[in-house]
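I keep these entries as a record of what I looked up in one structure, taking the elements and contacts in turn.

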Amino acid sequence: MKNWRSIVLSTGVVLALLCLIAVLFASPTFAIRRVEVIGADTIPPEEISQRTWDELNRRRLIFFRATNRFLYDEESLREAIGSTYAFESLDIQRNCDLKGNGCGLSVIVKEKTSQLIWLSADRPYLTDLHGIVIRELTPEETAIWNAPNPPPQNPLPDGTVPPSPPPDPLKRLPTFVDANA
C-alpha cells in the first residue's frame, strides 16, 4: 500500500511541476510582444526590429522560444544585433506589464556617425572617418543615393523662388571610390 501512495504522490508532484513549467514558459502573460527601436537615424527601425524578432524566435529548451521573459537572453540578443550593425552604443531594456499585456523590449541605439560613402566594386558602404565600415547601403538607399538631384523650382508668379527641399542626407556625404577593389 505504501508503494502505491508514494507512486501516486510522486506522479502528482511531477505533473504539478510540469504544469508550472508550462505555465511559466508558455503563458502569454510572460511573452515578449512588443519591440520598440529608439534612436535609429540612418538604419530603418524596422530592420533592427526584424533582427530582434529573428533572434527572439529562435528555439530555447527544445519546445520554447526566446520570446518568453524567462528564456530571453539579453547578451545573445545584444550580440546578434551588434554583429549586424555597428553602433556607438546599444542598450536593451525589458519592461513587463503583468496585467495581461505581456512584455516589451526597448532597443535604444546610438549609431556611429557616418562621415563618407565608400564605393567598392559598385557596392556603397557607410563608413566613419577611420575607414571602419558601418554597414552596406540597402537597395532603397542606393537608389536614392544614385538618383539625380531634383531640378530647381521655377519662380512663382510674384518673382519669388520657393525654397528647394533639402537634399537627402546620403547625398551630402562625400564619396570615396576604392579604385583597387
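Before I place any residue, I note that helices (H or I, at least four residues) and strands (E, at least two) are taken as DSSP runs, numbered from the N terminus. I also note that I am reading a predicted model.

Entry: I began with Glu141, which I found in helix H4 (residues 139-146).

Entry: Glu55 and Arg58 meet through their side chains at 3.7 Å, N to O; here Glu55 is buried at 5% relative accessibility, whereas Arg58, at 46%, counts as partly exposed. Glu74 is bridged to Arg78, with the closest N and O atoms 2.6 Å apart. Both Glu74 and Arg78 belong to helix H3 and stand 4 residues apart, about one turn of the helix. I recalled that an α-helix has 3.6 residues a turn, so residues three or four places apart point the same way. Glu74 is partly exposed with a relative accessible area of 29%, and Arg78 is likewise partly exposed at 22% relative accessibility.

**Entry: the faces of helix H3.** I stayed with H3 (residues 74-84), where I found Ser76, Leu77, Ala80 and Ile81 buried. As packing partners of the buried residues of H3, I wrote down helix H2 (45-56) together with the strands E2 (59-60), E4 (87-97) and E5 (102-111).

**Entry: aromatic pairs.** How many aromatic pairs does a search of the whole structure find? It returned 2. In the pair of Tyr85 and Phe87, the ring centres lie 5.9 Å apart and the planes meet at 45°, so I classed the pair as tilted; both Tyr85 and Phe87 are buried. For Trp118 and Phe176 I noted centres 4.9 Å apart and planes at 55°, so this pair is tilted as well. Trp118 sits in strand E6 (residues 116-120) and Phe176 in strand E9 (residues 175-178), so the pair ties together parts that are 58 residues apart in sequence. Trp118 is partly exposed with a relative accessible area of 24%, and Phe176 is also partly exposed, at 42% relative accessibility.

**Entry: a nonpolar surface patch.** Last, I turned to the surface, where Leu9, Val13, Leu17, Leu20, Leu24 and Phe70 form a nonpolar patch with about 550 Å² of accessible area together. I followed up Leu9, which lies in helix H1 (residues 2-26) and is exposed, with a relative accessible area of 59%.

Key: Residues numbered from 1 in each chain as written. Predicted model: local features only at pLDDT ≥ 70, side-chain atom pairs only at ≥ 80, totals over all residues. Heavy atoms only, no water. Patch = residues over 30% accessible without salt bridge, like charges linked within 9 Å, V, L, I, M, F, W, Y side chains within 5 Å. Areas by Shrake-Rupley, 256 points an atom, 1.4 Å probe, with all protein chains shown as cover. Salt bridge = Lys/Arg side-chain N within 4 Å of Asp/Glu carboxyl O. Buried < 20%, exposed > 50% of the residue type's maximum accessible area, 1.4 Å probe, protein only. Phe/Tyr/Trp six-rings, centres within 6.5 Å; stacked < 30°, edge-to-face > 60°. Contact = heavy atoms within 4.5 Å.
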